[in-house]
Amino acid sequence: MLRYLPFLLIIALTIYAFIDCLNTPEEEVKHLPKVVWVMIILLFSIVGPIVWLAAGRKRAAAGGGRPRRAQWVAPDDNPDFLRSLGEEQERRKGGGDRDPDKDADPGKE
């Protein structure tokens with residue numbers, strides 16, 4: 001069973017690089033056209049995928065660049081959340097000194 005492992009790894013690497021190349025936008029492909037990269041990946045089964053992963057695509061620098069908006073931000077670091085808290089405080093101050101707990105349940109003291 002272990003003698004098939006290298007072949008399975010090569011096939012998995014080739015499939016991964018092939019799908020990654022197909023999903024990469026044309027403007028992010030470096031050095032060669034996308035069609036040429038697909039041919040290199042498929043024709044040179046060991047070297048092609050490794051070269052694609054190393055040099056074929058523009059990669060984002062680790063820890064650099066602009067933070068993505070889809071990334072989760074803790075509430076105390078989120079400016080939108082902090083702004084909404086400030087607006088809520090202003091709204092409560094402007095509406096008088098009402099206790100929101102008493103407004104929720106009139107029978108409760």
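Reader: What share of the residues in the protein is buried, and what makes a residue count as that?

Author: Of the 109 residues, 13% are buried. The label means under 20% relative accessible area, while exposed means over 50% and partly exposed is anything in between, with a 1.4 Å probe and protein chains only. This is a predicted model, where local features need pLDDT of at least 70 and side-chain atom pairs count only at pLDDT 80 or more, though totals for chains, interfaces and linings use all residues. Residues are numbered from 1 along each chain as its sequence is written, and side-chain values use heavy atoms, leaving out hydrogens and water.

Reader: How do you know what counts as a helix, and how many are there?

Author: Helices are DSSP runs of H or I with at least four residues, and strands are runs of E with at least two, numbered from the N terminus. By that rule, the protein has five helices and zero strands.

Reader: Why is K34 said to have no salt bridge?

Author: A salt bridge needs a side-chain nitrogen of Lys or Arg within 4 Å of a carboxyl oxygen of Asp or Glu. For K34, which is buried, the nearest side chain of opposite charge is E26, at 4.9 Å, so there is no salt bridge. "Opposite" works like this: Lys and Arg are positive, Asp and Glu negative, and His and the chain ends aren't counted. K34 sits in helix 2 (residues 34-43).

Reader: Which residues does K34 touch, beyond those up to four places away in sequence?

Author: They are C21, L22, T24, E26 and V29; a contact means heavy atoms within 4.5 Å.

Reader: What makes a group of residues a nonpolar core, and which residues form the largest one?

Author: A core is a set of buried Ala, Val, Leu, Ile, Met, Phe, Trp, Tyr and Cys residues joined through side-chain atoms within 4.5 Å. The largest has seven: A17, C21, V29, W37, V38, I41 and W52. Helix 2 gives the most to this core, with three residues.

Reader: What makes a nonpolar surface patch, and which residues make one here?

Author: Members need over 30% relative accessible area and no salt bridge, and nonpolar side chains (Val, Leu, Ile, Met, Phe, Trp, Tyr) are joined within 5 Å. V35, M39, L43, F44, I46, V47, I50 and V51 make a patch of about 790 Å², with areas from the Shrake-Rupley method and a 1.4 Å probe.

Reader: Why is I46 called partly exposed?

Author: Its relative accessibility is 45%, so I46 counts as partly exposed. I46 lies in the loop between helix 2 and helix 3.

Key: Patch = residues over 30% accessible without salt bridge, like charges linked within 9 Å, V, L, I, M, F, W, Y side chains within 5 Å.
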